[in-house]
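This report concerns the chain shown below. Please keep the sequence and the coordinates at hand while reading.

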Amino acid sequence: MLRHWRPRNRVLSHKVCLSHERLPAFSEQRRIAHTIHHRHASSTARGVATALSNRSYPQNVIIINKLRTPPVVHAIDALLGHIETTYPDVRVFMEDTPQVEIPHGAELWRAGATSPNIDLVITLGGDGTILHASSLFSAGEVPPVLSFSMGTLGFLLPFHIDDAARALRSVFEGKATILNRMRLALSVYDKDLKRKGSDGDDWQVMNEIALHRGSDPHLNTIDIFVDGQHLTEAVADGLIVSTPTGSTAYSLSAGGPIVHPSLSAIVLTPICPRSLSFRPLVFPASSSITLRIGDHSRSSAGVSMDGRPSHMLGPGESVNVQASPYPVPCINRSSILNDKQIMGAEGAGPGKEDDWVRDINNLLQYNATFRSKALLRYSRS
């Protein structure tokens, strides 16, 4: 959903998506499917976001970068100098990273309940840096994310670092527009249907959750349930459950569909299935998807979240995946354009839905023939 973000005192309301306390075993599925679905629909205890900020503009800003290469170090110094000069009341934080010195003008920040509230996230790097920023706020609401490219191309990088001053001005003046990119919430259960981890402690992912056989030579056998109903038994290298944002990542490589990021949907994509008729599926964001390792599966399954390994599941163990009530609000490039620039351009202005069309053409070379790809390479050389 594309809309204007004004960093003033307000409360965001999101669709409440709740995880089940217990997952239905396969043998009991038909008997209690209705109970599980009713529990999912009626519970309202979680998922309410808090206010973005109590002031007219961001007070606490964190800068997140993946690598400390010379261009990134120079960009950090320039950003710190600009913020200190233009917005002297703003506190700037940087992530507590081992063996990395915090530059002058920044404060140390560690993720946790006692950490200062962050009003704005600034990322320097590629798409992976934004995924890392999302993981730092896995327990709740994510602050607006302002992402700058350091020369790399990506679907999540609307700004070049040269646009930093204009982009920051639009944010501090309350003119920024954001696209809420959906996240997924993951819960893990053992074979006795006991939840692993603390109650209410869901893992949040921005791209995808993947179950895979890893280095095991045997295929996984995975039972798939949707809203308490058994969908199918998958025999495959694995399964991918992705967001619309993640539809252009691992899921795309496995043959999944490309889904516009403004949609609320969950994509299920098989990885090398032992079937010619197992096609990718797209579910509404209200769906609850359970993946259970079959009792007779010849291999365990590794669970990875946005490319990070997290768990190993044996026969009888399962994961439950739902839409998270906490999306990632990404600031769009349209934030730095005035109405005259937008109206004068052909089609929608950058940061609008047309931006996505440009991305799949420029980054994926969507439907480009072999000849046009060859001409493109020749023109760049």
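The sections below describe the whole chain, its nonpolar cores, and selected strands, helices and residues.

## Overview

The model is a predicted one. Its chain holds eight helices and 21 strands. Of its 381 residues, 51% count as buried.

Contacts between residues at least 6 apart in sequence were also examined, and 70% of these join residues at least 24 apart. The chain exposes about 18,900 Å², of which carbon and sulfur atoms supply 52%.

## Nonpolar cores

The largest nonpolar core comprises 29 residues, and I63, I122, L146, F148 and L168 have the most contacts inside it. At least two residues of this core come from each of β2 (60–65), α2 (70–86), β3 (91–95), β5 (120–124), β6 (145–149), α4 (164–172) and β8 (176–181). The largest share, six residues, is supplied by α2. Another core, of 28 residues, lies apart from it and includes L184, L211, I222 and V303.

## Helix α4 and its end

L168 belongs to the buried residues of α4, which are A164, A167, L168, S170, V171 and F172. An α-helix has 3.6 residues a turn, so residues three or four places apart point the same way. After α4 comes G174, and the phi of G174 is positive, near 75°.

Is β6 covered on one face or on both? Both faces of β6 are covered. V145, S147 and S149 are buried on one side, while L146 and F148 are buried on the other. Five of the five residues of β6 are thus listed as buried. In a regular strand the side chains alternate between the two faces of the sheet.

β6 pairs with β5 in the parallel sense over four bridges, and V121 stands opposite V145 of β6. From β5 the chain passes through helix α3 (residues 127–136) to reach β6, in a right-handed β-α-β crossover. A further parallel pairing, over two bridges, joins β6 to strand β7 (residues 159–160). There, S149 stands opposite H160 in β7.

The buried residues of α3 are T129, I130, L131, A133, S134 and L136. Their cover includes β2, β3, β4 (107–109), β5, β6 and β21 (328–331).

G126 sits in the loop between β5 and α3. G126 counts as partly exposed because its relative accessibility is 22%, where buried would require under 20%. Not counting residues up to four places away in sequence, G126 touches T152 and L157. G126 and L157 are 31 residues apart along the chain, and their C-alpha atoms are separated by 7.1 Å.

## Residue S304

Strand β18 (residues 301–305) contains S304. Why does S304 count as buried? The relative accessibility of S304 is 11%, and the cut-off for a buried residue is under 20%. With neighbours within four places in sequence left aside, S304 is in contact with E208, I209, A210, H212, P309 and S310.

Technical notes. Residues are numbered from 1 along each chain as its sequence is written. This is a predicted model: local features need pLDDT of at least 70, side-chain atom pairs count only at pLDDT 80 or more; totals for chains, interfaces and linings use all residues. Side-chain values use heavy atoms; hydrogens and water are left out. A nonpolar core is a set of buried Ala, Val, Leu, Ile, Met, Phe, Trp, Tyr and Cys residues joined through side-chain atoms within 4.5 Å. Buried means under 20% relative accessible area, exposed over 50%, partly exposed in between (1.4 Å probe, protein chains only). Two strands pair if DSSP finds at least two bridges between them. A crossover is right-handed if, with the strands pointing away from the viewer, the path from the first strand over the helix to the second runs clockwise. Contact means heavy atoms within 4.5 Å. Accessible areas come from the Shrake-Rupley method with a 1.4 Å probe; for residues, only the protein chains shown count as cover.
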